[in-house]
Number of protein chains: 2
Amino acid sequence: MRLTTKGRYAVTAMTDLALHQHDNGGRPVSLSDIAERQSIPAAYLGRLFASLRSHGLVESWRGPGGGYRLARSAGDISIADMIEAVDERTDNTRCRGQVNCQDNHKCLTHVLWSDLSQRIQDVLSDICLSDVVSDAQVREVAERQDAMAKNRGGAATVQWRRPC
Amino acid sequence: MRLTTKGRYAVTAMTDLALHQHDNGGRPVSLSDIAERQSIPAAYLGRLFASLRSHGLVESWRGPGGGYRLARSAGDISIADMIEAVDERTDNTRCRGQVNCQDNHKCLTHVLWSDLSQRIQDVLSDICLSDVVSDAQVREVAERQDAMAKNRGGAATVQWRRPC
DNA sequence: GGATTTGTTGACCAAAATAGTAAGGTATAG
DNA sequence: CTATACCTTACTATTTTGGTCAACAAATCC
Ligand code: FES
Ligand code: FES
């Protein structure tokens with residue numbers, strides 16, 4: 001599993017979502033709010049959320065007042081879940097699990113990469129969104145970001161609807 | 001720390017070197033032998049070995065009968081050492097340690113990537129070359145490779161010289 | 001000494017992966 | 001009907017990676 005900007009955006013956006021999903025009485029959090037707070041290109045982030053949704057990590061609502069909410073509790077979503085959703089590929093072997101990277105045979109180090117992939121996956125599975133959200137340093141940054149965004153619109157009426 | 005073909009080549013070549021450095025009475029193992037056994041482009045591998053050498057992982061000899069040997073014992077060279085030598089960059093933060101990736105401020109998840117980088121580094125530091133070499137599956141592949149290369153030249157006279 | 005072998009270096013190139021954009025479509029509130 | 005906000009596809013630009021080439025330097029062999 002490789003860490004790239006795509007995966008970092010996904011985790012950052014999900015963290016933002018987790019932090020703000022109880023604002024305004026729990027109405028869905030819109031893409032544009034997240035993108036603005038986290039300085040992520042909105043169009044790009046939109047595609048990442050499509051993946052997160054199709055992997056069952058978030059629910060979405062369309063139309064005015066629409067947006068996203070976590071589909072599961074933050075304690076039940078690991079870093080690995082999020083990165084996998086947008087990055088697919090949990091495997092660090094050259095052969096992508098085909099065991100054929102040297103002229104259709106197993107290369108000298110296949111077993112090593114396979115083993116390491118598993119260990120790295122374990123590390124990323126061991127940390128979940130609630131761990132991130134409750135970290136003191138993370139909260140501190142979030143507060144600064146919220147203060148920064150104070151100029152934008154106030155609370156709106158709360159609505160209940162079914163997700164898409 | 002990201003796993004890429006460059007790092008995989010480095011580890012594969014080092015493993016091959018560790019496995020063959022006692023062949024022919026301990027004469028240096030040539031680049032072309034390693035490249036051929038492991039199906040790695042020789043010119044490319046040459047540059048990787050230059051990095052491995054400058055990081056003190058191998059010693060080299062030029063001229064006829066020249067080649068490489070491990071500069072330290074296989075138990076004293078970790079996977080992290082080898083990957084770092086060719087890849088530099090042990091850091092998975094977006095800011096590369098600058099703590100400035102959101103408009104010159106710390107982004108929401110900096111502390112997370114920083115922490116994860118360390119954990120992954122620990123995993124890669126925990127396995128060393130001797131672990132790889134002594135793995136049963138690795139030895140099995142090595143034997144097949146050696147049988148494959150049986151057509152090439154036999155043992156030559158042993159020489160002692162100082163490394164480059 | 002000269003040819004040959006082997007590693008060393010730097011510049012260069014091609015292909016792949018990644019990050020980002022743009023535009024049209026669909027559902028929903030009001 | 002219209003504005004909002006998510007959804008999807010296609011495309012483009014940039015960066016990174018993998019790989020080549022040629023000239024070079026050291027050591028050996030004859
Ligand atoms: S990595 Fe799987 S065969 Fe080489
Ligand atoms: S990753 Fe370091 S500031 Fe964002």
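Here are a few friendly notes on the interface of chain A and chain B, and on one serine in chain A, in this predicted model.

1. Let's start with the extent of the interface. On the chain A side, 43 residues are in contact with 42 residues of chain B. Together the two chains bury about 3,800 Å², and carbon and sulfur atoms account for 66% of that area.

2. Next, the polar side of the interface. Between chain A and chain B, 18 residue pairs are in polar contact, with both residues at pLDDT 80 or more. In chain A, the elements that each give two or more residues to the side touching chain B are α1 (5-20), α2 (31-38), α4 (79-87), α5 (110-125) and α7 (136-148). By residue class, that side of chain A divides into 20 nonpolar, 13 polar and 10 charged.

3. As for salt bridges, the rule finds 2 across the interface of chain A and chain B.

4. Finally, please have a look at A:S117, which lies in helix α5 of chain A. Why does A:S117 count as buried? Its relative accessibility is 6%, and the cut-off for buried is under 20%. The A:S117 side chain reaches the backbone oxygen of A:W113 at 2.8 Å. Beyond its neighbours within four places in sequence, A:S117 is in contact with A:T90, A:D91, A:N92 and A:T93.

Terms used:
Residues numbered from 1 in each chain as written. Chains lettered and ligands numbered in written order. Predicted model: local features only at pLDDT ≥ 70, side-chain atom pairs only at ≥ 80, totals over all residues. Heavy atoms only, no water. Contact = heavy atoms within 4.5 Å. Buried area = accessible area lost by both parts, 1.4 Å probe. Salt bridge = Lys/Arg side-chain N within 4 Å of Asp/Glu carboxyl O. Polar contact = N/O pair within 3.5 Å; in protein donor to acceptor, adjacent residues only side chain to side chain. Helix = DSSP H or I, 4+ residues; strand = E, 2+ residues; numbered from the N terminus. Nonpolar A, V, L, I, M, F, W, Y, C, P; charged D, E, K, R; others polar. Buried < 20%, exposed > 50% of the residue type's maximum accessible area, 1.4 Å probe, protein only.
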